[in-house]
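Please work through the exercises below with the sequence and the model side by side, and try each task before reading its solution.

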Amino acid sequence: MPIASAHATLRDATQRGYAVGHFNLNHMESMRAYLLGAEEARSPVILAVSRGPAAYMGGYRTVLTTVEGFMGYLGITVPVVLHVDHGSYDEALAGLDAGFKSVMFDGSALPFEENLDKAARLVERCRQHGATLECEVGSIGGEEDGVTGRGELADLEQCRRLAALGIDMLAAGIGNVHGQYPAGWRGLDFERLADVAHATQGTPLVLHGGSGVPEEMVRRAIELGVRKVNVNTECLVAFTAAVRRYVEAGRDREGKGYLPQALLADGLEAAKRVAMEKMALFGSAGKA
Ligand code: 13P
């Protein structure tokens with residue numbers, strides 16, 4: 001099955017009231033982990049790549065051809081969307097030129113009129129490419145890939161104007177934070193989320209910072225119109241902890257335990273397990 005845009009997946013998620021998991025690619029093991037996890041869970045999946053990991057893995061084109069290669073090699077049959085995460089305007093265009101069928105333009109740090117203007121131009125470009133576009137308003141708190149968000153709640157009129165452009169997904173700040181949630185975090189602002197859903201009239205909403213959000217909050221967010229939940233940190237922490245246990249147990253010194261595919265196997269399995277748990281929580285498991 002070729003890499004798809006998110007159109008069909010978001011339509012199905014909206015009709016059947018679930019959310020699709022967005023998992024960030026950081027290295028080759030994450031590609032394997034999430035593709036295998038999605039296949040085993042019979043779940044659609046969104047694989048996303050942000051600036052730093054894209055550079056680490058050889059650029060958007062290399063990521064795309066590697067994911068395609070893995071999909072054929074592993075016999076993946078579930079829908080897979082490959083998505084640029086938190087792209088600048090130029091990065092979103094570069095993703096489209098490289099063959100991505102889904103991109104995020106994160107203009108949340110720009111003056112709103114500039115965010116809106118660039119989003120409007122990208123709506124046109126994405127249409128020409130048959131691709132889906134995610135935009136952001138308000139900002140997600142915490143730090144991701146060198147970008148620090150102020151954690152502002154999204155302004156409803158700004159949400160309405162962005163959605164009215166015909167974008168495919170809207171990430172709106174509702175008290176969510178990238179990375180680990182700080183002690184004393186007040187939780188997601190469901191009142192604001194409900195207002196955003198009302199103002200944007202059915203535009204699929206995106207919950208960034210999906211790691212560590214309590215399960216009942218995730219379910220409530222999906223009930224209110226979240227159709228894509230982004231998860232990165234939780235999978236990475238599980239990956240690293242499993243690799244650490246392997247090394248601390250001295251297994252890298254047994255036989256050929258030093259081979260990368262042995263050293264990283266438990267990490268891959270741990271990341272895959274977290275992803276599959278999220279697919280079950282989001283309701284996407286069994287939908288493909
Ligand atoms: P976490 O790392 O907090 O899961 O957030 C991921 C994310 O929102 C990617 O855009």
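**Exercise 1.** How many nonpolar, polar and charged residues does the shell around the ligand have?

*Solution.* The model is a predicted one, in which local features need pLDDT of at least 70, side-chain atom pairs count only at pLDDT 80 or more, and totals for chains, interfaces and linings use all residues. Residues are numbered from 1 along each chain as its sequence is written. Begin with the shell itself: 14 residues surround the ligand, and the closest are His208, Ser211, Asn230, Asn232 and Thr233, where a residue is near a molecule if its C-beta atom, placed from the backbone, lies within 6 Å of it. Two or more residues each come from strand S3 (80–87), strand S10 (226–231) and helix H10 (233–248), helices (H or I, at least four residues) and strands (E, at least two) being DSSP runs numbered from the N terminus. Sorted by class, the shell has one nonpolar, 11 polar and two charged residues; Ala, Val, Leu, Ile, Met, Phe, Trp, Tyr, Cys and Pro count as nonpolar, Asp, Glu, Lys and Arg as charged, and the others, Gly among them, as polar.

**Exercise 2.** Which residues of helix H7 are buried, and what covers them?

*Solution.* In H7 (residues 156–163), the buried residues are Cys159, Leu162 and Ala163, buried meaning that 20 or more other C-beta atoms, placed from the backbone, lie within 10 Å of the residue's own. Because they cover an arc of only 95° around the axis, they lie on the same side of H7, the arc being that of the directions from the helix axis to the C-beta atoms. Their cover includes helix H6 (112–129), strand S5 (132–137), strand S8 (169–172) and helix H8 (190–200).

Note on methods:
A residue is buried if 20 or more other C-beta atoms lie within 10 Å of its own, exposed if 12 or fewer, and partly exposed in between; C-beta atoms are placed from the backbone. Two residues are in contact if their C-beta atoms, placed from the backbone, lie within 7 Å.
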